[in-house]
Amino acid sequence: MQTRKIPATIVTGFLGSGKTTLLRNLLTNAQGRRIAVIVNEFGELGIDGELLRGCGIGCDENGEENGQLFELANGCLCCTVQEEFAPVMEQLAARRDQIDYLVIETSGLALPKPLVQAFQWPALRNAFTVDSVITVVDAPAVAAGTFAEDPVAVDALRRSDDNLDHESPLAELFEDQLATADLVIVHKVDGMDAAALEAVEATIRAEAPAGVKLVRASHGNVPMDVLLGLERAVEDVIDSRKTHHDEEEDHDHDEFDSVSLTLQVADRAKVIPALTALVQRHEIYRIKGFVSLPGAAMRLVVQGVGQRFDSYFDRAWRADETRATRLVFIGDHLDAATLQAELQAALA
């Protein structure tokens, strides 16, 4: 057991494609498998990590002393990572006898190839092997020719990434995600007609390596045995998978803003209209967070991409946590005081 390598699965896909939904289902249905999940989320609250920890299987948030590693009641682990990837990997390597699988969700627009190549470093190669690269595709967006649910938001994240050619069309980035895939999840297929779905899959097959399996899914419902245990050892072959961005140099860029607000909310009916109006007035690409409603025992999750919003109750507030409305806004040239004043006035 001490020499066993941890199989690592890398999940990639555009913003809004459903990566986090896929991982939430994976953890909820772990069935005794001990899975470690790394989520790299832009935003100081690490909202995606909170959603994963709130999937109904419980956790002990006392965890590691630096707060990065969280124990789940079913034997799984969750990590939220901003920039310190290597230290978390070292922690996981030291606990390899407690981990059956590692799953890494790439952030927003990150390309999988450089991440896979990191597993060629001796410190990682000795402890991990890349089981597979899974690309999650937003099928309706591909059918519409936009490749992502909100191409403006995806483009914003692209321009915030040093490793990308900021002049490349989203189509090229989509092709790069497919070029490194071992498995493609054709997501959000419910409601699509057969002809449109076949056209989407033809587009995918034109860019994915020969023989790559396509799996149709909705709401992240994919059997665990389909996702894990592919045993591809991708770190050994990744250099032969050619992408548009193989020979690029870094590019200067303007970083995008991440603003966190704490608000008072009295009426759920006002939340989405207020956020929709705010997005129309400001360059806001993504909104994520939790809302505390008077008299409500449950925590309300709010997520928005562009002007598309979703809200739902995910779990009861715990006795040891502060009930508060906290939202993170990702965009360009955002002023926290202005957003706070406008949104609080709309919610009053």
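Biologist: How many bridges join β2 to strand β6?

Modeller: Five bridges join them, and the two strands run parallel. This is a predicted model, where local features need pLDDT of at least 70, side-chain atom pairs count only at pLDDT 80 or more, and totals for chains, interfaces and linings use all residues. Residues are numbered from 1 along each chain as its sequence is written, and side-chain values use heavy atoms, with hydrogens and water left out. Helices (H or I, at least four residues) and strands (E, at least two) are DSSP runs, numbered from the N terminus. Two strands pair if DSSP finds at least two bridges between them. In our case, β2 covers residues 35–39 and β6 covers residues 101–105. V39 stands opposite E105 in β6.

Biologist: Which residues of β2 are buried on each side?

Modeller: First the cut-offs: buried means under 20% relative accessible area, exposed over 50%, and partly exposed in between, with a 1.4 Å probe and protein chains only. On one side of β2 the buried residues are I35, V37 and V39, and on the other A36 and I38. Five of the five residues are buried, so β2 is largely enclosed by the rest of the structure.

Biologist: Helix α1 is the next thing I see. How many of its 10 residues are buried?

Modeller: Eight of them are, so to speak, under cover. α1 spans residues 19–28, and its buried residues include L22, L23, L26 and L27.

Biologist: What is the order of the strands in the open sheet of five?

Modeller: The order is β10-β14-β11-β12-β13, with antiparallel pairing. β10 (257–263) and β13 stand at the edges with a single partner strand each, so one side of each has no neighbour in the sheet. Neighbouring strands are turned by 15° against each other on average, direction ignored. Such angles come from axes, which are lines fitted to C-alpha atoms, for helices over the stretch in contact, and they run from 0 to 180 degrees between N-to-C directions. Inside the sheet, β11 and β14 pair over six bridges, and K288 has V328 in β14 as its bridge partner.

Biologist: What do the buried residues of α11 pack against?

Modeller: Contact means heavy atoms within 4.5 Å. The buried residues of α11 pack against β11, β12, β13, β14 and α12. Among those buried residues are L275, T276 and V279. F309 in strand β13 is in contact with L275, T276 and V279, among others. The other helix, α12, lies across β10, β11 and β14, at about 40° to β10.

Biologist: What is the phi of E231 near?

Modeller: Most residues other than glycine have a negative phi, and most peptide bonds are trans. E231 has a positive phi, near 55°. E231 lies in the loop between α10 and β10 and is exposed, with a relative accessible area of 69%. K188 also has a positive phi, about 65°, although it is not a glycine; K188 lies in the loop between β8 and α9.

Biologist: Which element of the chain has the lowest mean pLDDT?

Modeller: pLDDT is the predictor's confidence in each residue, from 0 to 100. Strand β3 (residues 59–60) has the lowest mean, 42, while strand β8 (residues 183–187) has the highest, 96. Over residues 55–67 the pLDDT is below 50, and this stretch has 24 contacts in the model beyond near neighbours in sequence. The chain averages 79, and 74% of the residues score at least 70.

Definitions and conventions
Lists of a residue's contacts leave out its neighbours within four places in sequence.
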